[in-house]
Amino acid sequence: MHTPPSNHAKRGGNFDSLPYLTADLPGVGGTLKQEADDFVVEELPAYEPCGEGEHLFLWVEKQDVSGEELLRHVARRLGIASGDIGMAGIKDRRAITRQWISVPVRSAPLIAQIETERIRVLTSARHGNKLRTGHLRGNRFSICLRDVTVDAADRAERIAEVLGRRGFPNYFGAQRFGEEGQTLQLGLDLLSGKVSPRSIPAPRRRFLLRMALSAVQSALFNSVLATRLESGQLHTVLAGDVMQVAASGGPFVVEDQAAEQKRFDARETVVTGPIFGPNMRAPQGKAGEQELAVLAEWNFSVADFGRFPKLTSGTRRPLITWPGNLAIQAEGTALRIEFELGSGCYATSLLREFMKSPAKNE
């Protein structure tokens, strides 16, 4: 019988309880997502459609629509299976978002039927390949925080200087774990064998199974990252760490600690954390011991992820990321923060460093 994780371990799935990198700097407070255009996300594609091929790329704008809702809606309106639809990344629901999706080119005559008051197709172009998860450089954000402190701009500039220099903890955001942690709990129950995938309603089984198991991996990653930050080792390369080359993404295990610290400090490489699974490249030495200790706190072993080898194969993820084109602008009693993040990074993980309090209306 699988024992539930300890309360200390559970914080990996409790976004508000995670430690801050800039804990010594006061935050600006504020309210997030109060107005429709307070949270705007635009995908930065890895490539543009070439203009010919058997797939049709659609540049879609949606407002207050989740990624799952968008998939179901497009499939229903075009009369195709959701598996025929390509999407590089799932965007926030409570936001205005613009992103590419792909559909079979035979659907072209029906594209106008996708449009609603909350979903618009801005442009379309043909391409040779279906859009796949991760086929994007990142996302551009324009976010307005309302009801911030009187000196919010000054506070934000001080925080931005630190984050621009040191990066910020690359936590998975709260939306990864579902409302009140329900997605994470389902994943824990699946991974421990407490429930079967067949307990998930068939129409949503494929989507929820993937999301729930990923939520467990994400919570474990957050736990490792939080432990590393609190121990003062987030910017320290340990012997046995698995690093990632910034330019290529190629992983390697640290052998010469001093040499790799210099490369890390020059931002040529970055320390990675675990997305546990049977195919994950494991760290060695002290770094490996720390990760396994966190896994043990959750009462799991690497072998447990072998229950779903196709969905939890495992990989590595940078512990730190740096925002691009970070800009702060005061707007009356509000504060606008604009920045770019790489694929898979969460805007809320950056924003929490500025707000220093649970985001209202998230």
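The crossing of helices α3 and α8 is right-handed, a term for a near helix turned clockwise from the far one by less than a right angle. The model is predicted, and local features need pLDDT of at least 70, side-chain atom pairs count only at pLDDT 80 or more, while totals for chains, interfaces and linings use all residues. Residues are numbered from 1 along each chain as its sequence is written, and side-chain values use heavy atoms, with hydrogens and water left out.

Helix α3 covers residues 152-166 and helix α8 residues 347-355; they pack at an angle of about 135°, their axes 9 Å apart. Helices here are DSSP runs (H or I, at least four residues), numbered from the N terminus. Axes are lines fitted to C-alpha atoms over the stretch in contact, and angles run from 0 to 180 degrees between N-to-C directions. The angle makes α3 oblique to α8; angles under 35 degrees count as roughly parallel, over 145 as roughly antiparallel, 65 to 115 as roughly perpendicular and the rest as oblique. On the α3 side the contact (heavy atoms within 4.5 Å) uses Ala156, Ile159, Ala160 and Leu163, and on the α8 side Leu350, Glu353 and Phe354. Six of these residues are nonpolar, none is polar and one is charged. In this scheme Ala, Val, Leu, Ile, Met, Phe, Trp, Tyr, Cys and Pro count as nonpolar, Asp, Glu, Lys and Arg as charged, and the others, Gly among them, as polar.

Helix α4 (residues 182-191) packs with α5 at an angle of about 90°, with axes 7 Å apart. The two are therefore roughly perpendicular to each other. From α4, Thr183, Leu184, Leu186, Gly187, Leu188, Leu190 and Leu191 meet Leu209, Met211, Ala212, Leu213, Ala215, Val216 and Ala219 of α5. This contact has 12 nonpolar residues, two polar and no charged.

Helix α5 also packs with α7, at an angle of about 125° and with axes 10 Å apart. That makes α5 oblique to α7, and their crossing is right-handed. Leu220, Ser223, Val224, Thr227 and Arg228 of α5 touch Gln290, Glu291, Val294 and Leu295 of α7. Four of the contact residues are nonpolar, three polar and two charged.

The structure also holds three cavities of 30 Å³ or more. A cavity is a set of points, on a 1 Å grid over the protein atoms alone, where a 1.4 Å probe fits but cannot get out; lining residues have an atom within 4 Å of a point. The second largest cavity contains about 70 Å³ of space, a volume being the space filled by probe spheres set on the points. Its lining includes Val224, Thr227 and Arg228, along with Gln290, Glu291 and Val294. Helices α5 (202-230) and α7 (285-297) each supply at least two residues of this lining, and α7 gives the largest share, four residues. By class, the lining has four nonpolar, three polar and three charged residues.

Notes
1 Å grid on protein atoms, 1.4 Å probe; cavity = no way out; pocket = protein on both sides within 12 Å on 5 of 7 lines; lining within 4 Å.
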